[in-house]
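Subject: Structure handover

Hello,

Here is the structure I promised to pass on. Please open it first, then read the notes below.

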Amino acid sequence: MRDSGAFCPNTPDMTRNATLDALKVVLAATIVGLHGHVLLDVAPGTSHFLENYLFRLAVPVFFIINGYYFFQMLERRGSWATWGSRIAIFYLTWSLVYSYYIWQQAKGPLGLLSTMVVGYWHLWYLPATLLAGGVVYLLRRWSTPWLLAAIALAYLAGLCVQYAGNYHLFEGTRLDALLQKDSVHRNFAFFGFPMFAIGFLLARTQLEQRVSRGTLVLALALGLAGVVAEYLVNQQLGLAPTQSIDLLVGLPLACTAMFLLAVQARTHSSSARLTELSAVIFFVHPLFLKNLPRAGLDSPTMVVLASLACCLLVAPLVIRLNQRWRVFI
């Protein structure tokens with residue numbers, strides 16, 4: 001199944017949604033800005049808002065997209081094992097590409113094992129998708145109310161864990177040190193599963209056919225307003241800009257509405273190039289973010305822009321290699 005991967009969920013016999021594919025490219029670009037601290041050298045306050053709030057919409061939308069097409073794959077009697085093996089292959093391939101950096105971070109066999117289980121930097125997304133898909137597959141026959149309850153409990157638990165660490169509610173204890181690790185809240189259980197399951201439910205209920213565009217625009221506005229409000233509250237409470245934030249109260253609503261608006265657009269295309277480009281940007285960009293500063297670029301904003309340009313330059317090569325080996329995107 002050619003398009004069963006993390007960024008290429010449509011299958012060849014399906015007409016692609018060009019609006020959704022274009023959205024993936026935009027979201028992948030925001031992830032580069034997030035990881036590269038865009039505007040930090042120009043407007044630190046704006047950079048903080050973008051990095052820890054607005055740009056945090058990207059990954060949840062990708063999880064929702066995967067969950068949506070995961071349901072459609074199962075409806076066509078597709079194999080979970082085939083789907084999962086493709087993602088595992090992507091993960092192993094990109095882990096090999098980043099093996100030098102993984103080994104540097106690991107500092108020993110046990111550290112290497114831990115890094116591979118969690119996922120190096122941005123690669124955490126792949127095992128989280130694989131495990132989230134596995135959980136949703138096991139719960140696929142649950143009723144919508146029960147699945148919604150599981151989604152809410154998992155996401156709420158992640159929010160509590162994240163903010164308990166951010167605000168040092170257990171300061172001076174080993175628990176506080178544990179909560180400072182991003183992987184404790186940014187994982188398949190608290191993040192991947194809830195968002196993936198939302199996508200699964202959207203496909204199962206065909207909600208895009210039963211809700212108006214005006215309602216979705218309003219939902220998106222409310223979700224974004226919630227993101228801004230959470231930013232202002234955290235600012236008022238003195239949350240340090242260095243504290244990483246992945247889960248936000250307004251994200252599920254904003255991301256769901258954004259995804260459904262793209263689905264409703266129904267702009268058709270037979271080309272997978274935009275989705276492939278989004279995958280290249282996502283998987284390749286850390287190589288440039290890490291190495292361009294060594295070439296003399298000392299402006300975070302310029303590094304982000306140059307990294308995006310380099311991703312566009314190497315995209316044809318990566319896409320061509322993937323057409324031959326099917327192991328990259």
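Start with H1 and H3. Their axes come within 9 Å and cross at roughly 145°. H1 passes H3 in a left-handed crossing. On the H1 side, the residues that meet H3 are Leu20, Leu23, Lys24, Leu27, Ala28, Thr30 and Ile31. On the H3 side they are Ala58, Val59, Val61, Phe62, Ile65 and Tyr69. By class, this contact has 11 nonpolar residues, one polar and one charged. Bear in mind throughout that this is a predicted model.

H1 also packs against H14. H1 covers residues 18-35, and the angle between the two helices is about 140°, with the axes 9 Å apart. At that angle H1 and H14 are therefore oblique to each other. H1 passes H14 in a right-handed crossing. Ala29, Val32 and Gly33 of H1 make the contact with Val304, Ser307 and Leu308 of H14. Four of these residues are nonpolar and two are polar, with no charged residues.

H14 has another partner, H13. The two helices span residues 300-325 (H14) and 273-291 (H13). Their axes come within 7 Å and cross at roughly 125°. That makes H13 oblique to H14. The crossing of H13 past H14 is right-handed. H13 contributes Arg273, Glu276, Leu277, Val280, Ile281, Val284, His285, Phe288 and Leu289. From H14 come, among them, Val303, Val304, Ser307, Leu308, Cys310 and Cys311. The H14 list also includes Val314, Val318, Ile319 and Gln323. The contact of H13 with H14 divides into 16 nonpolar residues, three polar and two charged.

One more residue of H14 is worth a look: Leu321. Leu321 is partly exposed, with a relative accessible area of 28%. Beyond its neighbours within four places in sequence, Leu321 is in contact with Arg326 and Phe328. Leu321 and His48 are 273 residues apart along the chain, and their C-alpha atoms are separated by 36 Å.

Now the core. How many residues does the largest nonpolar core have? It has 100. Those with the most contacts inside it are Phe70, Phe193, Met195, Leu251, Phe259, Ile281 and Phe283. Helix H3, residues 58-75, gives the most to this core, with 13 residues. Take Phe70 in detail. Leaving aside neighbours within four places in sequence, Phe70 is in contact with Trp80, Trp83, Gly133, Val136, Tyr137, Phe196 and Phe200.

Is Tyr231 buried or exposed? Tyr231 is buried, because its relative accessible area is 15% and the cut-off for buried is under 20%. Not counting residues up to four places away in sequence, Tyr231 touches Gly45, His48, Phe49 and Tyr53. Tyr231 and Val38 are 193 residues apart in sequence, and 18 Å apart in space, C-alpha to C-alpha.

Asn234 also has its place in helix H11. At 5% relative accessibility, Asn234 counts as buried. Apart from neighbours within four places in sequence, Asn234 is in contact with Tyr53, Tyr163, Tyr167, Leu239 and Ile245.

Last, some backbone angles. Most residues other than glycine have a negative phi. Arg77 has a positive phi of about 65°, although it is not a glycine. Arg77 lies in the loop between H3 and helix H4 (80-97). At 79% relative accessibility, Arg77 counts as exposed. Gln206, also not a glycine, has a positive phi near 50°. Gln206 is found in the loop between helix H10 (188-205) and H11. At 42% relative accessibility, Gln206 counts as partly exposed.

Over to you.

Best wishes

Note on methods. Residues numbered from 1 in each chain as written. Predicted model: local features only at pLDDT ≥ 70, side-chain atom pairs only at ≥ 80, totals over all residues. Heavy atoms only, no water. Axes fitted to C-alpha atoms, helices over the stretch in contact; angles between N-to-C directions. Helix = DSSP H or I, 4+ residues; strand = E, 2+ residues; numbered from the N terminus. Parallel < 35°, antiparallel > 145°, perpendicular 65-115°, else oblique. Left-handed = near helix turned anticlockwise from the far one by under 90°. Contact = heavy atoms within 4.5 Å. Nonpolar A, V, L, I, M, F, W, Y, C, P; charged D, E, K, R; others polar. Core = buried A, V, L, I, M, F, W, Y, C linked by side-chain atoms within 4.5 Å. Buried < 20%, exposed > 50% of the residue type's maximum accessible area, 1.4 Å probe, protein only.
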